[in-house]
Amino acid sequence: MVHDELARATAAARVAYRDTTRLIRLLSVLGEPARPEQLLDRTLAVLSEVFFTEIVVVAHQAGNRLLAIGSFGFAEDDPVLREGWPVGPAAAEALGTGQLVTRAGLLDGELPSSAVPLGIHSAAWVPLAAELDSEDLLILLRRSRTAFTPSEQHMLRSVAARLRLAVEERERAIVLEQLARYGHLLARHLELAPLLDEAVEMLRRLTAADQTWVVTIDHDQAVLRAHRGLSDADVAEWPRPAGRVDDWRPAAMARSAATGAAVDDRVVLRVPVLRDGTLVAVLFAARQRRRPFAPGAAELTAIFANHLAVAIVNAELYRRLQRRATEDPLTGLANRVLVGQRLERALAGPPTAPVGLLFCDLDRFKAVNDLLGHEAGDELLQQVGQRLRRSVRPTDLLARFGGDEFVIVLDAVRDLGEVAEVGHRVSGALDREFRLRGERVRVSASIGGVLGIPGQTTASAMLRDADAAMYVAKERGLGQVEVFDEAASHQALDRLDLRSELSQALDRGQLEVYYQPIHSLGTGRVVALEALLRWHHPRHGHVPPEVFIPLAEDTGAIMQIGDWVLGQACRQLARWQAELPADPPLAISVNLAGAQLRQTGAAERILDTIRGAGVDPTHVWLEVTENTNLSDRVSNAAEALAAAGVHFALDDFGTAYSSLSYLRRFPIELLKIDLTFVAGITDRERDRGVVRAILAIAESLELTAVGEGIEAEPQRAALAELGCQLGQGHLFSPPLPAGAATTYLRGNAPTKPLPTG
């Protein structure tokens, strides 16, 4: 029986993986830049390939006949392509209802004449528009006697909606010939200023206008952003209140754009640029009255405006993602990602330009948190950030590295003495008391500094050595500054000895696996737990994972430790499944290092660990990050594990630029929305917009989404409202040792809904 269940689960996983691969293949083709007719032909060819059909055709209803707009599978000289064929009952039903229709078996009266000899036994008619009385159909005909499955029908509906756009573009190919030559170039710009500058130049070429310009609507002000040919007097008229401009409404502009409105001695086309129905910009093209615009100019500029609207959205989304990926949401300072990028750029310079680095850790911050609460602690971090910003040079980069740690990158420093000088100035900035909710508190910072020579060190080495110097400063007392040269850095690392002690931490019983519940945001039930490694050092206390995990990867200890964590987590899951049966069963999520997938026989080794613990591989999620190198060996191991039923999750989604490529090249089934986005979802519209975009990606690829770091009920409610299925965070429970996690599960059993609110 177990074998049969495993076989069924494996088969189901293969079907799900196959369907996901097919959908991604189709969406990839639809997303490729191509001429409209090329895009339609490619899409039909891929549809034939992934659905194993003999014929795929897009047809338009003309009276009681269907005329082919594009096809794959018919001979080029087939009369059906010229004359069409009668509308059959199934086609009539699909066109009349706007709903997908499938048939299997006898298809008398449904097929084009030249398709009858092919022995077609299964067919699908998919309206390209969901409205009633649609006029365009996507038709798939295949010999297989197997009807189109619900999953295939779902994919066809999704593809049809996108294919309709390709058909519309094809029908306007003549009008868009010039636009196809210029419009796509807008997408290459990810900054607004060069985007709008090129837009006015393209508009001038498309319309052969004497003058072109674009204005944006910023807080009810119409602001001139770029122009070609305007006089100084024309430019001086901007900005102006948007509400005071005649016929500023989009509908009025659209009416005037039909022939151009006469303004002084010019004929002016005014074309609204809309985003979600809201006016965000206006395109202007002007000619002398004796040279009116061609009849197709209005349609051309309107379509160009749509291209520009998409490009503006892309630029804004890129700017938000870039800013969110490099900005700390609490303080508004740079984050650790930007620190790494800045250090790498600086260390790529000439050896004559040393780079300084200060690592600051607040003293007594935990006491403030415990006494006044986490909200006061957050406020303190914001005030500290403001003071530190005033104490550093304009060319320095100040960042919140995490928790109560701040990092400062110092460009163009002369020597270690200058690093120490800035460190003491930063320390002095914290001497005055801080006021928090009527209370006066004092905090200081232990500061470690290092000097790096380009070509002789790395960003990670500088961060490691500055961190080591900070620990030495903290051992000397509160508010101390310690700077290291290279020799002193190595001595400090030897004294701290974290690297060597980590290799023995497992044998000494210092490592422990904690578990954080993952809840359904809809029902509140616990559906899985994430296994999180903790290191309790006898002298240094709790060593943060962000400190020892990189050390483990550098030394190779991650292999042994990673295998141990996976084994511990799976054995604990087996105990929970036996003691707390649920339908569906509890699952476990385990972080996986790239090195574990690169080892020879990785898939077999991981599966042996899972099965040896008595766990079904379908109940295991392996979390990877975008730092995982997607070599052939890694990809092959991941594919083998996925084929065996193991699921893969992409952690911290949205914090790097390679996320989308991972969804195409890795068998990802679950996206974990990074906690930095969740933190601002209720009070920062841009964070909410990023989360909405990530959930849209997950929905389009049929992936599950998990919101991380949920700290408060409004965050949970906002995620649920946006359609996020799962969540984890301190609102539900912090990471817990195995015993405490068992107690938690008994009180919040997987079959028992967790109260929300």
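Pro239 lies in the loop between α8 (232-236) and β9 (240-241), where helices (H or I, at least four residues) and strands (E, at least two) are DSSP runs numbered from the N terminus. The peptide bond that leads from Trp238 into Pro239 is cis, with omega near 0°. A cis bond with omega near 0° also joins Asp583 to Pro584, and Pro584 has its place in the loop between α19 and β23 (587-591).

The structure is a predicted model, in which local features need pLDDT of at least 70 and side-chain atom pairs count only at pLDDT 80 or more, while totals for chains, interfaces and linings use all residues. Residues are numbered from 1 along each chain as its sequence is written, and side-chain values use heavy atoms, with hydrogens and water left out.

## The protein as a whole

The protein has 27 helices and 28 strands. Of its 757 residues, 52% are buried, where buried means under 20% relative accessible area, exposed means over 50%, and partly exposed is in between (1.4 Å probe, protein chains only). Among the contacts with a separation of 6 or more, 64% are between residues 24 or more positions apart; contact here means heavy atoms within 4.5 Å.

## A mixed sheet of five strands

An open sheet of 5 strands has the order β14-β15-β13-β18-β19, and its pairing is mixed; two strands pair if DSSP finds at least two bridges between them. At the edges stand β14 (397-402) and β19 (481-484), each with a single partner strand, so one side of each is left without a neighbour in the sheet. From one strand to the next, the twist averages 20°.

What joins β14 to strand β15 (residues 405-410)? The two strands pair in the antiparallel sense over 5 bridges; Leu398 has Ile408 in β15 as its bridge partner, and Arg400 has Phe406. β14 and β15 form a hairpin with 2 residues between them, and Gly403 in the turn has a positive phi of about 60°. β14 is mostly covered, since 5 of its 6 residues are buried.

## An antiparallel sheet of six strands

An open sheet of 6 strands has the order β3-β2-β1-β6-β5-β4, with antiparallel pairing. Its edge strands are β3 (85-86) and β4 (101-104), each of which pairs on one side only. Within this sheet, strand β5 (residues 122-127) and strand β6 (residues 136-142) run antiparallel and are joined by 6 bridges, with Ala123 standing opposite Leu141 in β6. Helix α4 (residues 89-97) lies across β1 (55-62), β2 (65-72), β4, β5 and β6, and runs at about 160° to β4.

## Two helix pairs

The table sets out the packing of two pairs of helices; axes are lines fitted to C-alpha atoms, for helices over the stretch in contact, and angles run from 0 to 180 degrees between N-to-C directions.

| Helix pair | Packing angle | Axis separation |
|---|---|---|
| α19 (residues 558-579) and α27 (residues 738-747) | about 25° | 12 Å |
| α25 (residues 685-700) and α26 (residues 713-722) | about 40° | 10 Å |

The angle makes α19 roughly parallel to α27, whereas α25 and α26 are oblique to each other; angles under 35 degrees count as roughly parallel, over 145 as roughly antiparallel, 65 to 115 as roughly perpendicular and the rest as oblique.

α19 meets α27 through Gln572, Trp576 and Glu579, and the residues on the α27 side are Ala738, Ala741, Thr742, Leu745 and Arg746. By class, this contact of α19 with α27 has 4 nonpolar, 2 polar and 2 charged residues, where Ala, Val, Leu, Ile, Met, Phe, Trp, Tyr, Cys and Pro count as nonpolar, Asp, Glu, Lys and Arg as charged, and the others, Gly among them, as polar.

In the other pair, Arg688, Val691, Arg692 and Leu695 of α25 meet Ala718, Leu719, Glu721 and Leu722 of α26. The residues of the contact of α25 with α26 divide into 5 nonpolar, no polar and 3 charged.

## Two residues with positive phi

Phe52 has a phi near 55°, a positive value in a residue other than glycine, and lies in the loop between α2 (36-50) and β1. Is Phe52 buried or exposed? At 58% relative accessibility, Phe52 counts as exposed. Glu702, also not a glycine, has a positive phi near 55° and has its place in the loop between α25 and β27 (704-707). With a relative accessible area of 39%, Glu702 is partly exposed.
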